[in-house]
Every structure is written in structure tokens, then in C-alpha cells.
Amino acid sequence: IIENNEDRDSLVNSKYVSSTNIHVIKGAGVDLNRYLSFPEDTSTQIVSMFARVLRDKGVSDFVEAANIVHRTIPQAVFRLVGDCDSGNPTSFTEEEVRAWVSSGAIEWLGYRTDIPELLCESNIVCLPSYREGLPKTLIEACAAQRAIVATDVTGCREAVADGVNGVLVPVQNPEHLAKAITQLLSNQDLRMHYAKNGRIRAEKEFSSSIVIEQTLKVYENMLAKS
């Protein structure tokens with residue numbers, strides 16, 4: 001069982017596994033009863049990133065994009081939600097993150113468990129990751145009916161259709177990231193259009209009930225063959 005079509009194709013084409021023995025199930029699913037689709041507060045301009053504070057999550061690109069956006073939209077708020085990971089060699093240190101906060105680039109909320117509420121407070125969800133399987137944060141953003149800006153990489157492409165429920169930008173490119181965020185902060189109608197499409201995708205593709213049904217079917221088919 002694998003989370004995205006690109007990884008499936010790579011494994012099959014490299015002959016690591018037969019196409020009949022691999023199944024794509026899009027993540028662990030999202031509880032649509034917990035992640036409700038509340039309309040955004042149009043009086044705010046909050047861009048939220050939910051991730052561990054790792055280099056390969058694109059955290060530094062998020063910070064740099066925040067600095068760029070603040071030149072034209074100084075009232076925009078960039079929230080980083082997630083903790084440092086001292087056991088991971090790609091993690092930023094707490095001192096580095098607090099320096100970003102001191103400079104006024106971002107707000108750092110650290111580790112939080114109230115993700116549905118924080119999504120509700122957000123206007124845009126951003127994930128400039130360098131690669132993913134299928135990022136839970138993006139399917140939660142879809143369920144919460146929020147527009148997304150993410151990188152055009154494996155995994156993110158599985159959750160975000162460019163121009164449908166969000167914008168995909170080149171990886172490790174803070175300038176393009178800032179441009180996409182600025183476009184969405186400046187266009188409420190476009191944000192709402194993407195947000196509604198995201199909720200539809202969550203209901204049709206990412207809900208827990210769908211993922212559970214697909215997973216059970218895989219096991220049922222395996223048992224039938226045994």
C-alpha cells in the first residue's frame with residue numbers, strides 16, 4: 001500500500017513490485033466530522049504552515065517568503081505550527097526559530113493539538129516541502145475548506161491540483177512562493193473558490209471512511225487469494 005501514484009509508478013517501472021501487488025490509498029484519511037468547513041474570517045490575513053521545523057519541509061523558504069510578502073502586505077501573519085526535532089539532523093534549532101520570530105517574520109506556535117481550530121483561523125495553508133508521501137496537513141486543509149499554496153513535488157501534487165484547490169510553486173523558490181501567497185491574500189474570491197474545491201476533494205478522496213473502506217478491501221482481496 002502506497003500513498004501516491006508517482007511513487008507507485010516509480011516502483012512498478014523499476015520492477016521492484018508488480019502492478020497487481022501495489023495499491024494506492026491516499027494517506028490515513030481525515031475525519032470530516034472533526035475538520036469542519038467553516039468560512040474563513042475575511043478580516044484577517046493569516047498564512048499557516050503546519051510541520052516539524054525541518055529543512056526539507058521548506059521552513060526557511062516559508063520564512064523568506066514571509067519577509068518578501070511583508071514588503072507589500074505588512075499586516076499579513078505567517079504562523080509556523082510545529083516543534084523542533086533535536087533527534088533529526090535536518091531540524092532547525094529553537095534559537096534559530098526564535099531569531100525569525102524576533103525579526104518579525106513569523107509567529108511560532110510550537111507543538112499544538114488544536115489543529116482544527118488553527119485551520120479555522122487561517123486564510124491560507126502553506127507547505128513548501130521538498131518531498132512528501134501524502135501530507136496529512138494538506139488533506140486536513142482541504143477538509144477545513146482552506147486554499148493551499150504548496151510546492152510542485154511528489155506528494156503535494158497528490159493533494160493539490162494546481163488552479164483547482166490551490167497553487168503549486170517550484171520547490172526551493174521563496175520568490176515564487178511569496179508571489180503565490182500574495183496573489184491569494186489579494187484575491188478573496190479566488191481563495192474561496194480553491195477552498196470550496198478542496199472540501200469537495202476531501203469528501204470524495206480523503207475522508208477517513210473512504211480510506212478505511214479501501215484498506216479493508218485490500219485485505220479482503222489478499223485473504224480471498226490465500
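Select Gly110 first, which lies in strand S3 (residues 107-110); strands (E, at least two residues) and helices (H or I, at least four) are DSSP runs numbered from the N terminus. Gly110 is buried, with a relative accessible area of 10%, where buried means under 20%, exposed over 50% and partly exposed in between, for a 1.4 Å probe and protein chains only. Apart from neighbours within four places in sequence, Gly110 is in contact (heavy atoms within 4.5 Å) with Leu80, Val81, Gly82 and Asp83.

Before going on, note that this is a predicted model, in which local features need pLDDT of at least 70 and side-chain atom pairs count only at pLDDT 80 or more, while totals for chains, interfaces and linings use all residues. Residues are numbered from 1 along each chain as its sequence is written, and side-chain values use heavy atoms, with hydrogens and water left out.

Next, select strands S5 (residues 147-151) and S6, which pair in the parallel sense over 4 bridges; pairing requires that DSSP find at least two bridges between two strands. Ile148 has Gly166 in S6 as its bridge partner. Strand S6 (residues 166-169) is covered on both faces, with Gly166 and Leu168 buried on one side and Val167 and Val169 buried on the other.

Now select Phe78, Leu80, Ile106, Leu138 and Ile181, which touch the most other members of the 61-residue largest nonpolar core. Such a core is a set of buried Ala, Val, Leu, Ile, Met, Phe, Trp, Tyr and Cys residues joined through side-chain atoms within 4.5 Å. Helix H2 (residues 59-72) gives the most to this core, with 7 residues. Centre the view on Ile181: beyond four places in sequence, Ile181 is in contact with Val47, Val69, Phe78, Ile124, Cys126 and Val149.

Not counting residues up to four places away in sequence, Ala202 touches Leu32, Cys142, Ala143 and Ser207.

Finish by selecting helix H5 (residues 136-143), which supplies 3 residues, the largest share, to the lining of the largest pocket. The residues of that lining divide into 7 nonpolar, 4 polar and 7 charged, where Ala, Val, Leu, Ile, Met, Phe, Trp, Tyr, Cys and Pro count as nonpolar, Asp, Glu, Lys and Arg as charged, and the others, Gly among them, as polar.
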